[in-house]
Every structure is written in C-alpha cells, then in structure tokens.
Amino acid sequence: VVSTQSTGSGMHDFNFADLEQITEYKGGYSPDDPVIRTFWEVVQELELGLKKKFLCFLTGSDRIPIHGIHSIKIIIQKVKDNSRLPVAHTCFNLLDLPPYANKEMLKEKLLLAIKNTEGFGLV
C-alpha cells in the first residue's frame with residue numbers, strides 16, 4: 001500500500017489490491033485469466049508516480065476520490081488486436097486491454113499508454 005498526502009484532501013491510499021477486488025471484466029476476461037493476473041502484477045509493481053499516471057489514464061484524474069479507491073468502479077474488457085495499446089474510456093472507467101502474449105509486452109504497451117496521457121487535472 002502506498003500513501004500520499006494531498007493538500008486539503010487528507011491521506012489517500014493507492015491500494016490497487018482494493019481496486020483489483022472490485023473490478024468487473026467483460027469480453028471473455030475473468031479475474032483468473034492469465035492476462036488479467038499479469039496486468040495486476042504489472043500495476044502493483046509500478047512506482048507511485050506511475051500509479052498516479054495509470055489512475056489518470058483510466059479515470060482522467062490522478063487523485064483518489066474522497067470515499068477511497070474502492071469507490072472507483074472500473075471495467076476491463078478484452079479487445080482482439082494485441083498490436084494496439086490499451087485504451088481507456090475515462091467517462092466510463094473502461095479499459096480495453098488486448099490479450100498480450102507475455103508480461104514484458106503488456107508492461108511495455110501499458111507504460112507507453114499511461115506515460116502519454118494528459119488527463120483532466122487543473123493546474
């Protein structure tokens with residue numbers, strides 16, 4: 001569990017294990033699918049800055065909601081073309097995740113996607 005202090009908003013836990021527990025799956029994925037197991041392994045291994053970027057990529061904001069990370073309802077759905085990057089539909093907290101062949105490919109594609117996101121944050 002990684003925690004960070006945000007001005008005016010108190011303590012926030014970037015406990016992605018909680019997020020994993022409440023995630024829904026579509027398109028043939030399930031919590032026990034090898035691609036999904038690998039996906040969560042990669043996400044858990046990210047440093048705090050990249051976890052925040054992932055949250056921004058997925059939801060449009062790098063901040064944990066006031067009610068905690070467990071209040072973020074996300075859906076991960078399988079898309080067939082594994083040559084594509086993961087795509088996030090931020091309005092629906094929906095992640096299109098191709099069935100990458102191995103952890104290295106999944107990590108490479110996910111990092112490329114999250115490092116090139118802007119989000120909706122205010123400056």
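Modeller: Happy to; we can start with the overall picture and then go to single residues.

Biologist: Great. What kind of model is this, and what is its mean pLDDT?

Modeller: This is a predicted model. The mean pLDDT of the protein is 86, and 85% of its residues reach 70 or more. Over residues 1-11 the pLDDT is below 50, although that stretch has 19 contacts in the model beyond near neighbours in sequence.

Biologist: OK, noted. How many helices and strands does the protein have?

Modeller: There are four helices and six strands. Along the sequence they follow the pattern β-β-α-β-α-α-β-β-β-α.

Biologist: And how much of the protein is buried?

Modeller: Buried residues make up 41% of the 123 residues. As for contacts between residues at least 6 apart in sequence, 58% of them join residues at least 24 apart.

Biologist: Let's go inside, then. Which residues have the most contacts in the largest nonpolar core?

Modeller: Those are F39, W40, F54, I76 and L97, in a core of 31 residues. Helix 1, helix 2, helix 3, strand 6 and helix 4 each supply at least two residues of this core.

Biologist: Which element gives the most to it?

Modeller: Helix 2 does, with six residues.

Biologist: Tell me about F39. What is F39 in contact with, leaving aside its neighbours within four places in sequence?

Modeller: F39 is in contact with F54, I76, L95, L97, L106 and L110.

Biologist: I keep hearing Phe and Trp. How many aromatic pairs does a search of the whole structure find?

Modeller: The search finds three aromatic pairs. In one of them, F16 and F54 have ring centres 5.9 Å apart and planes at 55°, so the pair is tilted. F16 lies in helix 1 and F54 in helix 3, so this pair ties together parts that are 38 residues apart in sequence.

Biologist: Which residues of helix 3 are buried?

Modeller: L50, K51, F54, L55, C56, F57, L58 and T59 are buried.

Biologist: What do they pack against?

Modeller: The buried residues of helix 3 pack against helix 1, helix 2 (34-45), strand 5 (87-89), strand 6 (94-97) and helix 4 (103-115). Just after helix 3, G60 takes a positive phi of about 95°.

Biologist: Where does N93 lie?

Modeller: N93 sits in the loop between strand 5 and strand 6. N93 is buried because its relative accessible area is 17%, and the cut-off for buried is under 20%. A polar atom of the N93 side chain lies 3.4 Å from the backbone oxygen of K73. Apart from neighbours within four places in sequence, N93 is in contact with L58, T59, I72, K73, I74 and I75.

Biologist: Change of topic: where is T23 found?

Modeller: T23 is in the loop between helix 1 (16-22) and strand 3 (24-26). T23 is buried, with a relative accessible area of 8%.

Biologist: What does its side chain reach?

Modeller: The T23 side chain reaches the backbone oxygen of L19 at 2.7 Å. Leaving aside neighbours within four places in sequence, T23 is in contact with W40, I74 and I76.

Biologist: Last one: what about T117, buried or exposed?

Modeller: T117 counts as buried, at 15% relative accessibility. T117 lies in the segment after helix 4, and touches K53 and F57, not counting residues up to four places away in sequence. The C-alpha atoms of T117 and L58 are separated by 9.4 Å, with the two residues 59 apart along the chain.

Methods:
Residues numbered from 1 in each chain as written. Predicted model: local features only at pLDDT ≥ 70, side-chain atom pairs only at ≥ 80, totals over all residues. Heavy atoms only, no water. Buried < 20%, exposed > 50% of the residue type's maximum accessible area, 1.4 Å probe, protein only. Polar contact = N/O pair within 3.5 Å; in protein donor to acceptor, adjacent residues only side chain to side chain. Contact = heavy atoms within 4.5 Å. Core = buried A, V, L, I, M, F, W, Y, C linked by side-chain atoms within 4.5 Å. Phe/Tyr/Trp six-rings, centres within 6.5 Å; stacked < 30°, edge-to-face > 60°. pLDDT = per-residue confidence, 0-100.
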